[in-house]
There are 4 protein chains.
Amino acid sequence: MATPVILVDPLPRTLEQIMAPSVRARLERLGRLVISEARPMNDDEIEALLPHAVAIIGQTAMSAERLERAPRLKAIINVETNFLPNIDYAACQARGIWVLTPASAFAAPVAEATLGLALDLARGISAADRAFRAGTETYGLEANLDTIRFEGAPVGIIGFGDLGRKFRELIRPFRNEVRVYDPWLPAETIERLDCRQTDLDELLERSRFVVVFAAPTTENAHFIGAPQFARMQKGSAFLLMSRAAVVDFPAMIAAACSGHIRVATDVFPVEPVPADDPMRTTPNMVFSAHRTGGTRDALFEIGSMAVADLELILKDLSPQLCRRADPSIAGRLRSQPVSRT
Amino acid sequence: MATPVILVDPLPRTLEQIMAPSVRARLERLGRLVISEARPMNDDEIEALLPHAVAIIGQTAMSAERLERAPRLKAIINVETNFLPNIDYAACQARGIWVLTPASAFAAPVAEATLGLALDLARGISAADRAFRAGTETYGLEANLDTIRFEGAPVGIIGFGDLGRKFRELIRPFRNEVRVYDPWLPAETIERLDCRQTDLDELLERSRFVVVFAAPTTENAHFIGAPQFARMQKGSAFLLMSRAAVVDFPAMIAAACSGHIRVATDVFPVEPVPADDPMRTTPNMVFSAHRTGGTRDALFEIGSMAVADLELILKDLSPQLCRRADPSIAGRLRSQPVSRT
Amino acid sequence: MATPVILVDPLPRTLEQIMAPSVRARLERLGRLVISEARPMNDDEIEALLPHAVAIIGQTAMSAERLERAPRLKAIINVETNFLPNIDYAACQARGIWVLTPASAFAAPVAEATLGLALDLARGISAADRAFRAGTETYGLEANLDTIRFEGAPVGIIGFGDLGRKFRELIRPFRNEVRVYDPWLPAETIERLDCRQTDLDELLERSRFVVVFAAPTTENAHFIGAPQFARMQKGSAFLLMSRAAVVDFPAMIAAACSGHIRVATDVFPVEPVPADDPMRTTPNMVFSAHRTGGTRDALFEIGSMAVADLELILKDLSPQLCRRADPSIAGRLRSQPVSRT
Amino acid sequence: MATPVILVDPLPRTLEQIMAPSVRARLERLGRLVISEARPMNDDEIEALLPHAVAIIGQTAMSAERLERAPRLKAIINVETNFLPNIDYAACQARGIWVLTPASAFAAPVAEATLGLALDLARGISAADRAFRAGTETYGLEANLDTIRFEGAPVGIIGFGDLGRKFRELIRPFRNEVRVYDPWLPAETIERLDCRQTDLDELLERSRFVVVFAAPTTENAHFIGAPQFARMQKGSAFLLMSRAAVVDFPAMIAAACSGHIRVATDVFPVEPVPADDPMRTTPNMVFSAHRTGGTRDALFEIGSMAVADLELILKDLSPQLCRRADPSIAGRLRSQPVSRT
């Protein structure tokens, strides 16, 4: 049989970006790599490779027809960490082709930055630095009038996938009571990590820190808006870490402006944010320009997870690290191509 | 026998500041309180109370002569959290009078803020917020060129008392390799908390985050200066959390200015910092105006630790929460009266 | 459309055994239950139900033909916690029918008992009790000549599925160096739980406690025998927690008899063990009659995991708690019907 | 000044027993050792050494008069891990002489064995082994009729010193609700370790596992007797790990005999237990012949703690590892010379 081919079509990423040399070497031991990085792989090339392809690493469109022309194909691994609508998931399922994505690669850096932002909102770190630079700082007790201690404060997590669970692990020493709202999960999954399953309203009303990790779906656009912010306790903190689409963004800005809550956000409805957007001067906010996930180690993690799972699959073992594209879930996620992270 | 008297002389603190009502009620059950909060208790009043005093809560001067005139005295609890030179420690020791201070009351808020500052230096949180407000932000990967992941980075802790140990507990989920330099401790104490005892040079050379909690003593003034900063890896982070006196402050500012290291400091040689001090514009720094410890809960912790230990002492049990003024240590600490925290 | 039917065919278990009343009530809200507990459901009944069945809870044989006659079927949940060969896994895969088993239900009680057995081998608990009852006990230091401290001892785990990982969590406070051998897993999965991936020989040579959780497969019969026991350090402990078939059982008994190692086993080649089997008097062993998993709470866990996942599946969400029958794995496991646990 | 002398009078221990060679080498660097191991040091020798002694490692009687003749003495370290009445504690206090004992050396091995015994009572490990050896074993579910899962069961700890706290750390992964009764401690100390302070009755009534680590004092002889056992829930477990004197031993045996509770004990009113003592056949019990603490590593820990603290003291620093003989406590403990552990 011809040498197995691994079709590498990783844009907007590049192999160099997502694989340390040692990981790439492992990949090369699995088959002949055919790589298209300057542009998406063109259709002729794809067609020529399909008969020999055992795996696709990238975002190549794979209709049912193409799948039929790829009899040896065992795995498609999206390295953008999305599930795109350009794959026939049911046909993959029927064929036993693994469709995977190393989605949790960003969990660690995002969770770490989330804790940094939460502590900033709690203890006023960036505001105090700004005041010091402006010569308007206060000292000691007087400087702590708005301080909330993060330790022991009730925390609410909205969306309890990889990011939420990693964040939960990071805050264990702070002994918070943690509530979780995630309609895709059973109570057991939540309670095993020492959290309480609640509905959204209770979470908003009881938590001093509310963190949103929920991925945007066909069902949850703008599900947190003015009425939800109104439920939060005065002076509480709200952190938006997933996608702008899940909140009513102007309502969030207004809630910070009024002093009702303090807010940190890593995402924005339009990125880059227009230069003259008035939100840039909002008080009680910490801004992060979609930068909590895009660290070098996270990108390398994408590559090492992909290769490790591919090694298993080519030995007829089950993948262990990447997320599987369960058809129901893949259809629900409102994935967009990623431009930056 | 006359009602036992508890002499309360807490300036610069006040009872209201350091005791929640329920804690004050517990204190009142232990004896008759005589309180001087508007000014330090005057000598005549002190002399009149000495024969009946079972405890002093405050910073009253207690010479050997006064101690002789206080035959029922069992405890002196400093609520400034210093050991001042106005007490005859040896005479207290000989009499079995407990001299205590609830020094660890500040450990939790300082450790929490230290982690916030460390994550800020690691992930560029306040700098990114400042850039966003100035309209000069970058996004995604481009915004992370200087990012260090705190998770997994080698950490060095200088001074491993209550603050250092609490910080060590908070960072456990980050799985750092932690080195400790503390010449007052045996290796066993350090290793039990899963840290490695090292000398100062190794700590500086190997750590990506160096945190100073060392209290100023008669022996350690300016022990971290230009040669020590030079040993640190380029781009590493230095956090000064204890007192300005232990470092060569101008050398620290210079090391940040040059871009050799990034720095966060909560303390300054002169506080308030002069309005025109040029350090206010130093890049690669996060400034905190001596505000990491002075939270409401920390002050209440002072009161509840003091009362809990006094309850034990008056039952002839050993105190469990406050630090004891071991004569050797009390003489070494360069305590100053606290004005703000 | 007709009321959805849930076919319940749980032998050798019964619904009462695996579901607390509150869990059963949740199940009844999902569809009309048709239950056969006195005997396996007969073919006629099965055929009559297939058109309406949305789920099967039990071990019913499901050929491709039967699957075709069950157009509404979404899930088959084996409550014996095996994957039996009486299901056409590929056909289920093609149809998107979830084939699941709550395999991890036994992880907690088995892991707990494993630690109990390990501490027994380490500290000689049952042997000392036996000696005391016989009047031959020794005291203090003299009684500890063979003691190994479990704390800090190197541990090796063979098979790192649910059982092995739960055991790993239980022993965290003991600060062991933990090696793992599991050929189905990538290094990443092992390292995330602070263990080291090793080959079998290194694990046997370096560990003072070797614990076998490996499920029997088509590939691993008797893979631990006399040569493997010989590699272990004298006086080390070997615990067999999965199935007798993975070891050379007589060689294991011989290794305990000779005093080379100490052994605990929960499983036997034939159960019940014949009354006159000479192994019953083996020294340096602790015997457990296939009883570490079969606790009431474990059985209830089977039911609550099954129902929680079924609730999700019937909402078109992904199951979260049960193990999925990946075709490759299901074919490899040498499952046998369970009679007792 | 003459070479400092360290008087070593360690019976019933020997230096070899308590110090690894590397630790002994560290001790020898601190002064000239004068050792009496064959018998207690005789008075003449002691008198001759007093003028030069800087430290005593052992149980030498030290009256006020002797202390006066030892002007250079800085530390007395009892290596039996008792505070004996043969020292004038007040005089030591007045002189600032540290009186110490490495009491926590036994905490780790005792806590480990306590968990082993608790799991044995929970899961019936030694009873099942005994049944198997007798050919009367049952299998699977039938063998678990009396099983209690330790995980999640309420635990009560009586006496929360080094042993109790170490045990508390070991059981963290089991997520028990932990109650503590210790009249010498404030609530804060207990709550910091995530336990609840309760009175004795509540602890006995609510806990499924009751563990006694309380040291015998002048106040607590036989404080747990028939009325206390009667408060315990049927089938609960009672573990006696400290000294027989704190319980009504016959009442404890009776409570096991009747089947009301299950019991493990490491201590007995008379040791060795008489050969014909009828308790030897008590059901529902696990017997340990005063052997949980006396491990080689615990004895070495005594030596290394003593030497590490002496190193600090001779540098005028405070000891960090050994327990201090607070006069009030030393007078309350009913210490007896130790013969075996």
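Predicted model: local features only at pLDDT ≥ 70, side-chain atom pairs only at ≥ 80, totals over all residues.
How are H2(D) and H13(D) oriented to each other?

In chain D, helix H2 covers residues 21-28 and helix H13 covers residues 296-313, and their axes come within 10 Å, crossing at roughly 25 degrees. Angles under 35 degrees count as roughly parallel, and H2(D) and H13(D) are therefore roughly parallel to each other. If you look at the handedness, the crossing of H2(D) and H13(D) is left-handed. On the H2(D) side, the residues that make the contact are D:Val23, D:Arg26 and D:Leu27, while H13(D) brings D:Gly303, D:Ser304, D:Val307, D:Ala308, D:Leu310 and D:Glu311. Sorted by class, the contact of H2(D) with H13(D) has five nonpolar, two polar and two charged residues.

Between chain C and chain D, the count is 12 salt bridges. What does the rest of that interface look like? Chain C has 57 residues in contact with 57 residues of chain D. The size of an interface is often given as the accessible area lost when the parts come together. For chain C and chain D, the buried area is about 5,200 Å², and carbon and sulfur atoms give 57% of it.

While we are in chain C, have a look at helix H6 (residues 107-123) and helix H7 (residues 125-134). Their axes are 6 Å apart and the two pack at an angle of about 60 degrees. That makes H6(C) oblique to H7(C). C:Leu119, C:Asp120 and C:Arg123 of H6(C) make the contact with C:Ile125, C:Ser126 and C:Ala127 of H7(C). By class, the contact of H6(C) with H7(C) has three nonpolar, one polar and two charged residues.

Now turn to chain A and chain B. The contact here takes 57 residues from chain B and 57 residues from chain A. The area buried between chain B and chain A is about 5,100 Å², with carbon and sulfur atoms giving 57%. Which residues of chain B lose the most area to chain A? They are B:Arg133, B:Tyr139 and B:Arg291, together 16% of what that side buries. The count of salt bridges between chain B and chain A is 12. Among the salt bridges in the model is the one formed by B:Arg149 with A:Glu112, where the closest N and O atoms are 3.1 Å apart.

A:Glu112 also belongs to a helix pairing across these chains, as it lies in H6(A) and takes part in the contact with H6(B). Helix H6 (residues 107-123) of chain A and helix H6 (residues 107-123) of chain B have axes 9 Å apart and pack at an angle of about 125 degrees. H6(A) and H6(B) are therefore oblique to each other, and H6(A) passes H6(B) in a left-handed crossing. From H6(A), the residues in the contact are A:Pro109, A:Glu112, A:Ala113, A:Leu115, A:Gly116, A:Leu119, A:Asp120 and A:Arg123; from H6(B), they are B:Pro109, B:Glu112, B:Ala113, B:Leu115, B:Gly116, B:Leu119, B:Asp120 and B:Arg123. The contact of H6(A) with H6(B) divides into eight nonpolar, two polar and six charged residues.

Stepping back to the whole structure, a search over all chains finds 104 salt bridges. One of these is formed by A:Arg66 with A:Glu47, the closest N and O atoms being 3.5 Å apart. A:Arg66 lies in helix H4 (residues 64-68) of chain A and A:Glu47 in helix H3 (residues 43-49) of chain A, so this pair ties together parts that are 19 residues apart in sequence.

Most residues other than glycine have a negative phi, and most peptide bonds are trans. A:Arg175, although not a glycine, has a positive phi of about 55 degrees, and it lies in the loop between helix H8 (162-170) and strand E7 (178-181) of chain A. A cis peptide bond joins A:Leu11 and A:Pro12, with omega about 10 degrees. A:Pro12 is in the loop between strand E1 (5-9) and helix H1 (15-18) of chain A. In chain B, the peptide bond from B:Leu11 to B:Pro12 is cis, with omega near 10 degrees, and B:Pro12 lies in the loop between strand E1 (5-9) and helix H1 (15-18) of that chain.

Technical notes
Residues numbered from 1 in each chain as written. Chains lettered and ligands numbered in written order. Heavy atoms only, no water. Axes fitted to C-alpha atoms, helices over the stretch in contact; angles between N-to-C directions. Helix = DSSP H or I, 4+ residues; strand = E, 2+ residues; numbered from the N terminus. Parallel < 35°, antiparallel > 145°, perpendicular 65-115°, else oblique. Left-handed = near helix turned anticlockwise from the far one by under 90°. Contact = heavy atoms within 4.5 Å. Nonpolar A, V, L, I, M, F, W, Y, C, P; charged D, E, K, R; others polar. Buried area = accessible area lost by both parts, 1.4 Å probe. Salt bridge = Lys/Arg side-chain N within 4 Å of Asp/Glu carboxyl O.
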